[in-house]
Amino acid sequence: MPLAEPVSDVDIERIVAQRVVPALSAQGFCWLDGVLGDVTGGAVLEQVRRMHLSGALKGGQLMRAAPGVKRSAVRGDRIAWVCGAERGCDAINALLVVIDKLVMSAARTLDRPISHRSKAMVACYPGGGAGYVKHVDNPNSDGRCLTCIYYLNKDWNTKEHGGLLRIFPEGKPYVCDIEPLFDRLLLFWSDRRNPHEVQPSYATRYAITAWYFDSEERAEAKRRCRERSDSENSNSSE
């Protein structure tokens, strides 16, 4: 069921109750099509294309790279972080407002203490087989609770262009393949329940990702970080 354009709060509450909450509860992931519509979605795509063509997107970093492993062997995307208030990002901001409303509505229903999100990561896989190996977004309880990915790829043909996002649901005998189709929003739990990969892309593939934080887990992660820092500082002063 697509969301309407313009998206009203009533539309959002309905889609959350009918689709998002049941899917996240039952299988841990959900996708919605027609989130912004052609006009607003097209404006987001145009802003992302301008960022790409201007050279604003840079190679994504690795959290923990094994010695001798090249970044491109793990992830082949180019990225930039935006909050939506930057010049030329008004359509991206409109997208983030819609996703915020969806997530906060779902959080209330699911009784999850989701308080805020990251900046948005604008990403481009430039083709040529670029992908991202199987990984978990939040394997170590860093506070990230829900991953939301909005796709921007018109006329995408998976057989020709590749670029599937494949989810390997924890403990399940199946995988789930998500095509990165224009105006599609994917949501999934960020922890070990949803290992996933971006399969090799053979055409330019755009997406915008935001991570929503569990306030309690995030506070605990920050506490652990402070303790490690204090311990390291203490050891270095001995």
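Mentor: We will take the labels in turn and set each value against its cut-off. Keep in mind that this is a predicted model.

Trainee: Let's begin with the whole chain. What makes the chain as compact as a globular protein of its length?

Mentor: First, the inventory: the chain has six helices and 12 strands. Its radius of gyration is 18 Å, close to the 18 Å that the globule rule gives for 238 residues, so the chain is as compact as a globular protein of that length. Along the principal axes, the C-alpha atoms fill a box of roughly 60 × 45 × 40 Å. Of the 238 residues, 47% count as buried.

Trainee: How much of the contact between residues with a separation of 6 or more comes from residues 24 or more positions apart?

Mentor: Such residues account for 81% of those contacts.

Trainee: Now the cysteines. How do you know that the count of disulfides is zero?

Mentor: A disulfide needs two cysteine sulfur atoms within 2.5 Å. The count by this rule is zero. Take Cys30: the nearest cysteine sulfur belongs to Cys148 and is 9.9 Å away, so Cys30 is in no disulfide. For Cys83, the nearest cysteine sulfur is that of Cys89, 7.8 Å away, so Cys83 is in no disulfide either.

Trainee: Why is Cys30 called buried, and what is the label for Cys83?

Mentor: Buried means under 20% relative accessible area, and exposed means over 50%. Cys30 has a relative accessibility of 2%, so it counts as buried. Cys83 has a relative accessible area of 33%, so it is partly exposed.

Trainee: Where does Ser8 lie, and what is its label?

Mentor: Ser8 is in the segment before helix H1 (9-26). With a relative accessible area of 29%, Ser8 is partly exposed.

Trainee: Let's look at a helix. How do you know that the length of H4 agrees with its number of residues?

Mentor: Helix H4 (residues 90-110) has 21 residues and, at 1.5 Å a residue, should span 30 Å. Its end C-alpha atoms are 30 Å apart, so the two values agree. The buried residues of H4 include Ala91, Leu95, Ile99 and Leu102. After H4 comes Asp111, which has a positive phi, near 55 degrees.

Trainee: What makes E5 mostly covered?

Mentor: Six of the six residues of E5 are buried. Ala120, Val122 and Cys124 point one way from the strand, while Met121, Ala123 and Tyr125 point the other way.

Trainee: How do you know that strand E5 pairs with E3 and with E12?

Mentor: Pairing takes at least two bridges. Strand E5 (residues 120-125) has five bridges to E3, so these strands pair, in the antiparallel sense. Here Ala123 is the bridge partner of Ile79, and Cys124 stands opposite Arg78. E5 also has five bridges to strand E12 (residues 205-214), again antiparallel. In that pairing, Met121 stands opposite Thr209.

Trainee: How many bridges join E2 to E3?

Mentor: Strand E2 (residues 58-59) and strand E3 (residues 78-82) are joined by two bridges, so they meet the cut-off of at least two. The two strands run antiparallel, and Lys58 stands opposite Ile79.

Trainee: There is also a sheet in the order E6-E11-E8-E9. Why are E6 and E9 said to stand at its edges?

Mentor: This is an open sheet of four strands with antiparallel pairing. Strand E6 (130-135) and strand E9 (176-178) each have a single partner strand, so one side of each is left without a neighbour in the sheet. The twist averages 25 degrees from one strand to the next. E6 pairs with strand E11 (residues 196-201) over three bridges, and Ala130 has Ser201 as its bridge partner.

Trainee: Lastly, which residues are in contact with Val136, leaving aside its neighbours within four places in sequence?

Mentor: They are Ser190, Asp191, Arg192 and Pro195. They are called contacts because heavy atoms lie within 4.5 Å. Val136 itself is found in the loop between E6 and strand E7 (144-151).

Notes: Residues numbered from 1 in each chain as written. Predicted model: local features only at pLDDT ≥ 70, side-chain atom pairs only at ≥ 80, totals over all residues. Heavy atoms only, no water. Buried < 20%, exposed > 50% of the residue type's maximum accessible area, 1.4 Å probe, protein only. Expected span 1.5 Å × (residues − 1). Axes fitted to C-alpha atoms, helices over the stretch in contact; angles between N-to-C directions. Rg over C-alpha atoms; globule rule 2.2 N^0.38 Å.
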